[in-house]
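Hi everyone, thanks for making time today. Let me put the model up on the screen, and then we can walk through it together.

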Amino acid sequence: MSAGKKFRNELQKNKPLQILGVINAYSAIQAKKAGAKAIYLSGAGVANASYGLPDLGMTMLEDVCIDIRRITSRSDVPLLVDADTGWGGAFNIARTVKEMTKAGAAGCHIEDQVATKRCGHRPNKELVSKQEMCDRIKAAVDAKTDMDFIVMARTDAHASLGQKEALDRAKAYVKAGADMIFAEAIHSLKEYKEFTKQIDVPVLANITEFGATPMFTVDELKSVGISMVLYPLSGFRAMNKAALDVFETILKKGTQSSVLDTMQTRVQLYEMLDYHSYEEKLDKLFSQTKEHKNA
């Protein structure tokens, strides 16, 4: 079963489907251990965590595919990926879909910002025309090598052009072939309900911290018809704060003993990685080698 099909199956079984953001293979393993049925690789996560850069369109397709391959090599939980603006024109977008599919992604979302994009929860976002975004969607859909691969259209129109334009664009993107809609930086449950009432494909709510959208609960979003709830960088933000606290403590106190209770233990790490099964395999291989030499 393809990753796209797995994602669609989980979407049918989980209403709404909670999608946990991961930044690398290990956090993907942790998300699965916690019970996640779908995971997500953020463009900001790739830029911030893998390259130490702000989310301003400075990373490229292969930068993202490296992280996709690392994650999907260690996790079978379906992975949705942030494809920013698709990295160029129709041929570039087609390549994006093909390469992400080969890398093991379940789907991607493409947004209607200009190529020099900004974080979806920052001011002064500039959008391409509705027609240009429809062309992006058509190029992505036409490039599918797995028909279950998800092409999700993200609209950032709400923040700069208002709810009516965001709805009009979402309808046009569905008509152009988008499988799902990502409504970015929405402010109220009423506005989300307008999306789910007027858009006949699944709608995603991005519940990112410290942004324009309030911290709506799953039950609240379910009540207005939202199909997917995304937490793109929650784990990453927690890791960052914890690591900084530990670093500062070590440098200030000369020991990490006072922050040990904030750390994952060696035993817990090994359990998460199934370390001992690898070690047992290694012991068995060495044993066979010794037996061969002594024969």
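Which strands do the buried residues of α1 pack against? They pack against β1 (17–22), β3 (79–82), β5, β6 (180–183) and β8, where contact means heavy atoms within 4.5 Å.

A quick word on the ground rules. This is a predicted model, so local features need pLDDT of at least 70 and side-chain atom pairs count only at pLDDT 80 or more, while totals for chains, interfaces and linings use all residues. Residues are numbered from 1 along each chain as its sequence is written, and side-chain values use heavy atoms, with hydrogens and water left out. Helices (H or I, at least four residues) and strands (E, at least two) are DSSP runs, numbered from the N terminus.

Back to α1, residues 3–13. Its buried residues are Gly4, Phe7, Glu10 and Leu11; buried means under 20% relative accessible area, exposed over 50%, and partly exposed in between, using a 1.4 Å probe and protein chains only. Looking down the axis of α1, those buried residues fall within an arc of 125°, so they line one face of the helix. That arc is taken from the directions from the helix axis to the C-beta atoms. On the other side of α1, Gln12 and Lys13 are exposed. In the loop between α1 and β1 you'll find proline 16, and the peptide bond from lysine 15 to proline 16 is cis, with omega near 0°.

Now the barrel. It is closed, has 8 strands, and runs β1-β2-β3-β4-β5-β6-β7-β8 with parallel pairing; two strands pair if DSSP finds at least two bridges between them. From one strand to the next, the twist averages 30°. Helix α6 (residues 130–142) packs on the sheet, touching β4 (107–111) and β5 (150–155), and its direction makes about 170° with that of β5. For these angles, axes are lines fitted to C-alpha atoms, for helices over the stretch in contact, and the angles run from 0 to 180 degrees between N-to-C directions.

Let's zoom in on β7. It is joined to β6 by 3 bridges, and 3 bridges also link β7 (residues 203–206) to β8 (residues 228–231). Alanine 205 has alanine 183 as a bridge partner, and valine 229 in β8 as another. Both faces of β7 are covered: Val203 and Ala205 on one side, and Leu204 and Asn206 on the other, are all buried. Asparagine 206 has a relative accessible area of 4%. Leaving out residues up to four places away in sequence, its contacts include His121, Phe182, Tyr192 and Leu230.

How do α2 and α12 cross? The axes of α2 (residues 25–34) and α12 (residues 266–273) come within 10 Å and cross at roughly 85°, so the two helices are roughly perpendicular to each other. On our scale, angles under 35 degrees count as roughly parallel, over 145 as roughly antiparallel, 65 to 115 as roughly perpendicular and the rest as oblique. Tyr26, Ile29, Gln30 and Lys33 in α2 meet Leu269, Met272 and Leu273 in α12.

Most residues other than glycine have a negative phi. Alanine 185, in the loop between β6 and α9 (189–198), has a positive phi of about 55°, and it is buried at 2% relative accessibility. Aspartate 274 also has a positive phi of about 55°, but it counts as partly exposed at 45%.
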